[in-house]
Structures are given as C-alpha cells and as structure tokens.
Amino acid sequence: MTFRSRRRYWTDADVAILRREYPERYAHEVAAMLDVSARRIYVKAAALKLGKSAAYWAHEKARLRERGKARPAAGHG
C-alpha cells in the first residue's frame, strides 16, 4: 500500500499573500484564496506573528454594534 501525503507546503508566494491579506481580511477569505483551511491560516499567521490591522478591528466593532442593534438581547424583546 502506497501512502501519498496530501500535505501542501507554504510557498514564498503563499506567505506573501498571507502577509498582505491576513491583516485586512477574515481568515476564511484568505483560506479560499490559498485553497487551504482557515485553521492553517490561523496557525501560519500566528507563527509569523501576524495580527489584524486597526482598520480591521474598527470595522469588526462597527459590524458587531450594528448586529447588536438588529436583534434585541435575550429577554429584552
């Protein structure tokens, strides 16, 4: 029985895309670009010490505020 690894190694081009896109996008979006799982994106981003940008967090906070306005808290509706 022959076993073939399905492991896909990170290329320099993959890492460049990750460095460029991860700070501004959701992990699942970057994962789709690179045809890998979101988990692989999180793991590699952590290894590279990549973080989200201030603009990303501002957008996330605004999105969550709007989401909170759209539906009342449990027991308040």
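**View 1. Read along the sequence, the chain runs α-α-α-α.** That makes 4 helices and 0 strands, both taken as DSSP runs numbered from the N terminus (helices are H or I with at least four residues, strands are E with at least two). What you're looking at is a predicted model, where local features need pLDDT of at least 70, side-chain atom pairs count only at pLDDT 80 or more, and totals for chains, interfaces and linings use all residues. Residues are numbered from 1 along each chain as its sequence is written, and side-chain values use heavy atoms, with hydrogens and water left out.

**View 2. Here's the whole chain, seen through its contacts and its surface.** Of the contacts with a separation of 6 or more, 59% are between residues 24 or more positions apart; a contact means heavy atoms within 4.5 Å. Buried residues make up 23% of the 77 in the chain, buried being under 20% relative accessible area, with a 1.4 Å probe and protein chains only.

**View 3. D35 sits in the loop between helix 2 (27–34) and helix 3 (38–47).** D35 isn't a glycine, yet its phi is positive, at about 55 degrees. Its relative accessibility is 68%, so D35 counts as exposed (the cut-off for exposed is over 50%).

**View 4. K49 sits in the loop between helix 3 and helix 4 (54–70).** Here's another non-glycine with a positive phi: K49 comes in at about 60 degrees. K49 is exposed too, with a relative accessible area of 75%.
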